[in-house]
Amino acid sequence: MRLALREAQKGIGRTSPNPCVGAIVVKNGKVVGKGYHKMAGTPHAEVHALRYAGSKARNSTLYVTLEPCNHTGRTPPCTEAILQAGVKRTVIGMPDPNPQVSGNGGEYLTSRGVSVTVGILQEKCREINLPFIKHATTGLPWVILKAGMSLDGRIAARQGRSTRITNEQSRRQVHRLRDRVDAILIGVETALVDDPSLTTRLLGRRKGRDPLRVILDSGLRLSPAARLLQQESDAQTWIFCSPEPGKKKRARLEKAGAVIKPVPLTAAGSLDPKAVLSELGRSQVTSLLVEGGSRVHGTFLQDGLVDQVLLFIAPVILGEQGVPLASFAGPAGSKDMPRLNIFRTHRYGTDLLIEARFNPS
């Protein structure tokens with residue numbers, strides 16, 4: 001199963017809205033086949049591994065990180081491929097998280113005489129598919145809040161001023177992260193101040209994949225000349241705005257290539273972040289990277305919409321006039337403070353990355 005997990009990790013960032021899955025075929029104590037799911041709409045990991053094994057798959061054991069599918073989607077059911085190959089035993093890392101299909105694959109194989117074992121390295125199998133699991137069970141994307149900040153929790157030196165805080169090593173890691181998520185979201189203030197491209201730029205020959213660019217801009221203040229709309233990229237730029245955007249502003253932005261998405265407002269008159277996440281989920285976005293700014297961070301945190309937090313902390317202090325990580329009212333007292341589970345830290349040169357979750361899995 002560890003080998004199957006290693007295979008599955010090759011597909012991270014490329015399989016959405018499908019999961020990352022790896023498979024290993026073992027016969028007489030030797031690996032005779034291996035494979036992983038490469039992209040939605042292409043053969044699943046089991047099919048690749050069984051093709052690799054060929055005739056050696058008969059009377060073998062198949063190890064697969066996720067329960068084989070037993071329904072026809074964009075590809076035929078993997079259970080049939082397993083039966084046709086003559087596999088004797090199937091070892092499954094974790095069951096399918098979709099409540100409508102969970103257990104169907106394992107039960108079907110068992111009913112056809114294949115020995116089935118479920119729950120091997122299950123937590124590790126879950127770990128590589130947290131976005132898929134959340135989307136399959138809730139219809140919403142896995143939300144990652146990412147920020148580069150000072151030791152005193154500031155993400156810019158002054159309001160309305162772009163500030164580069166973290167080092168080059170941290171910034172390279174951010175681009176690796178962008179390469180693995182479906183979408184990246186910022187507020188219009190960040191777009192106006194920083195004029196970012198929100199593209200993925202990787203070192204070396206490997207070309208990164210640009211995520212869908214999402215802007216929260218209730219009044220359509222973004223300029224059609226913004227760098228977000230000037231990129232030669234397959235990724236679109238979606239602008240979420242108020243229910244009745246100005247026709248002229250909308251027309252100019254759409255002419256520049258933006259996709260305008262009106263959503264309801266909250267009682268306070270701001271865009272409803274839950275409506276934004278629902279629309280992204282319906283569009284098969286399974287992972288969302290929230291990159292700011294302070295008000296956007298505060299809104300997502302206050303509404304309990306963040307699953308994971310990535311904080312790149314640089315050894316600098318910006319003082320009280322600096323922009324805080326998150327602007328929101330916050331809890332009334334210590335008993336109301338939501339606590340995160342810090343599950344990993346890492347050094348990038350002089351910077352420190354803290355990875356934490358609100359809902360540890």
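Student: Which residue in E13 stands opposite Lys146?

Tutor: Leu310 of E13 stands opposite Lys146. Bear in mind that this is a predicted model: local features need pLDDT of at least 70, side-chain atom pairs count only at pLDDT 80 or more, and totals for chains, interfaces and linings use all residues. Residues are numbered from 1 along each chain as its sequence is written, and side-chain values use heavy atoms, with hydrogens and water left out.

Student: Are E6 and E13 parallel or antiparallel?

Tutor: E6 and E13 are parallel, paired over six bridges. Strands count as paired when DSSP finds at least two bridges between them. The elements themselves are DSSP runs, numbered from the N terminus: helices are H or I with at least four residues, strands are E with at least two.

Student: Which strands does H6 touch?

Tutor: H6 packs on the sheet and touches E6, strand E12 (287–290) and E16. Contact here is heavy atoms within 4.5 Å. The direction of H6 makes about 135 degrees with that of E6. Angles run from 0 to 180 degrees between N-to-C directions, with axes fitted to C-alpha atoms, for helices over the stretch in contact.

Student: OK, step back. What's the strand order in the nine-strand sheet?

Tutor: The order is E11-E10-E9-E8-E12-E6-E13-E16-E15. The sheet is open, and its pairing is mixed.

Student: Why is one side of E11 and of E15 left without a neighbour?

Tutor: Strand E11 (258–262) and E15 are the edge strands; each has a single partner strand, so one side of each has no neighbour in the sheet. From one strand to the next, the twist averages 20 degrees.

Student: And H10, which strands does that lie across?

Tutor: Helix H10 (residues 273–282) lies across E6, E8, strand E9 (212–216), strand E10 (237–241), E11 and E12. H10 runs at about 145 degrees to E10.

Student: Now the five-strand sheet. What's the order there?

Tutor: E2-E1-E3-E4-E5, an open sheet with mixed pairing. At its edges stand strand E2 (30–36) and strand E5 (115–118), each with a single partner strand, so one side of each lacks a neighbour in the sheet. Neighbouring strands are turned by 15 degrees against each other on average, direction ignored.

Student: How many bridges join E1 to E2?

Tutor: Six, and the two strands run antiparallel. Strand E1 (residues 22–27) also pairs with strand E3 (residues 61–66), in the antiparallel sense, over four bridges.

Student: Which residues partner Ala23?

Tutor: On the E2 side, the bridge partner of Ala23 is Gly35. On the E3 side, Ala23 is partnered by Val64. Val26 has Thr61 as its bridge partner in E3.

Student: Which helix lies across E1, E2 and E3?

Tutor: Helix H2 (residues 45–53) does, running at about 140 degrees to E2.

Student: Where are the cis peptide bonds?

Tutor: One runs from Ser16 to Pro17, with omega near 5 degrees. Pro17 is in the loop between H1 and E1. Another cis bond joins Gly292 and Gly293, where omega is about 10 degrees. Gly293 lies in the loop between E12 and helix H11 (294–302).

Student: Last topic: how many salt bridges?

Tutor: Twelve, where a salt bridge is a side-chain nitrogen of Lys or Arg within 4 Å of a carboxyl oxygen of Asp or Glu.

Student: What does Asp179 bridge to?

Tutor: Asp179 forms a salt bridge with Arg14, with the closest N and O atoms 2.7 Å apart. The pair links distant parts of the chain, 165 residues apart. Asp179 is in the loop between H7 and strand E8 (183–187), and Arg14 is in the loop between helix H1 (2–8) and E1.
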